[in-house]
Amino acid sequence: MEFLTIIFSKGRPNGVSYNPSDNVTTTMARFRAILTGVAIISIAFRGHNVVLEIQGTLPTNPKHPTRTSMRRGVISSYSFIAVCIFPLAIGGYWSYGNLMPASGTMAAIAKYHQESTPKWLTSTIHIMVIIQCLCAFQIYAMPVFDNFERIYVNKQHKACPRWVKSSIKLFFGGLTYFISVAFPFLGSLAAFVGGIALPLSLVYPCFMWISIKKPSRNSLMYCLNMILGCLGILISVLQVAGALWNLVVQKFDANFFSP
């Protein structure tokens with residue numbers, strides 16, 4: 001809401017254009033830009049395999065299977081996400097067009113509206129982003145925490161105490177922080193790494209459903225899951241190719257311990 005408030009209250013900066021960027025003049029450059037766009041969109045839908053991990057940790061029984069509650073949770077959560085994200089995307093494009101920085105809406109607000117935006121509103125935006133990152137980290141790290149706890153239980157043959165769970169979370173959080181400081185260029189590799197891991201989100205669930213349910217080869221669900229799985233593989237290949245292409249064109253420079 002803070003982003004939308006600033007976007008619609010401040011209006012559009014001068015020189016906004018919705019035409020193709022002047023930096024994209026050749027056919028190959030346009031094709032590379034298309035691959036980059038596909039990568040950005042596909043990365044936005046990453047992480048759906050975490051839903052399977054979360055569902056696997058929930059208790060289930062024949063009368064109350066987990067798929068019922070998970071389906072309600074997924075529908076409600078993604079509906080809420082769509083209500084929040086789509087207006088922001090539409091408003092951001094309307095406001096900035098081709099002037100949108102590569103870093104996103106926050107960078108655009110800081111670049112074009114920093115002086116006219118109240119400090120309390122800017123602080124609120126940054127606090128909300130921090131909260132969002134912390135919450136997202138807990139969700140995406142849940143399978144890692146669960147695997148560490150499973151290893152402890154298998155070796156010690158007893159339940160994992162609370163202090164061990166806290167130690168695991170502190171260790172993994174510290175390791176993640178160290179990696180982010182040691183390799184500050186990982187953000188530039190996001191599209192490449194995301195393309196490699198994308199099949200876990202777009203391909204694995206489809207083929208896993210076919211393997212478990214074993215539907216008839218001529219059935220609608222078999223064809224649908226097979227098409228979606230193959231489409232996920234194609235998107236992953238295109239994303240990796242586009243990411244490597246961008247790294248070569250932009251002359252990627254790895255700077256260790258130098259944010």
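His-157 sits in the loop that links α7 to α8 (162-182) in this predicted model. Although His-157 is not a glycine, its phi is positive, at about 55°. Is His-157 buried or exposed? Its relative accessibility is 70%, and exposed means over 50%, so His-157 counts as exposed.

A second residue of this kind is Lys-214, which is not a glycine and has a positive phi of about 50°. Lys-214 is placed in the loop between α10 (204-213) and α11 (220-249). With a relative accessible area of 63%, Lys-214 is exposed. The table sets out the two loop residues.

| Residue | Phi | Relative accessible area |
|---|---|---|
| His-157 | about 55° | 70% |
| Lys-214 | about 50° | 63% |

**The chain as a whole**

The protein chain holds 11 helices and zero strands. Read along the sequence, its pattern is α-α-α-α-α-α-α-α-α-α-α. The chain has 259 residues, of which 24% count as buried. Taking contacts between residues at least 6 apart in sequence, 71% join residues at least 24 apart.

**Annotated spans**

An unreviewed UniProt entry carries the annotation "transmembrane region" for residues 73-96, 125-145, 166-183, 189-210 and 222-248. Two of these spans can be described further. Residues 125-145 are 95% helix and 0% strand, and the C-alpha atoms at the ends of this span lie 29 Å apart. For residues 166-183, the figures are 94% helix and 0% strand, with the end C-alpha atoms 26 Å apart.

**Helices α6 and α7**

Two packed helices are described by the angle between their axes and the distance between the axes. Helix α6 covers residues 119-140 and helix α7 covers residues 142-156; their axes come within 4 Å and cross at roughly 45°. That angle makes α6 oblique to α7. Which residues of α6 and α7 meet? From α6 they are Phe-137, Gln-138, Ile-139 and Tyr-140, and from α7 they are Met-142, Pro-143 and Phe-145. By type, the residues of this contact are six nonpolar, one polar and no charged.

**Helices α9 and α11**

Helix α9 (residues 190-202) packs against α11 at an angle of about 175°, and their axes are 8 Å apart. An angle over 145 degrees counts as roughly antiparallel, so α9 and α11 are roughly antiparallel to each other. On the α9 side, the contact is made by Ala-191, Phe-192, Gly-194, Gly-195, Ile-196, Leu-198, Pro-199 and Leu-202. On the α11 side, it is made by Leu-228, Gly-229, Gly-232, Ile-235, Ser-236, Gln-239, Val-240, Ala-243 and Leu-244. The residues of the contact of α9 with α11 divide into 11 nonpolar, six polar and no charged.

One residue of this contact can be followed in more detail. Ile-235 belongs to helix α11, and Leu-198 is one of the α9 residues in the contact. How far apart are the C-alpha atoms of Ile-235 and Leu-198? They are separated by 8.5 Å, while the two residues are 37 residues apart along the chain. The relative accessible area of Ile-235 is 21%; buried means under 20%, so Ile-235 counts as partly exposed.

Terms used
Residues numbered from 1 in each chain as written. Predicted model: local features only at pLDDT ≥ 70, side-chain atom pairs only at ≥ 80, totals over all residues. Heavy atoms only, no water. Axes fitted to C-alpha atoms, helices over the stretch in contact; angles between N-to-C directions. Parallel < 35°, antiparallel > 145°, perpendicular 65-115°, else oblique. Contact = heavy atoms within 4.5 Å. Nonpolar A, V, L, I, M, F, W, Y, C, P; charged D, E, K, R; others polar. UniProt positions renumbered as here; feature names shortened; annotations may be inferred. Buried < 20%, exposed > 50% of the residue type's maximum accessible area, 1.4 Å probe, protein only.
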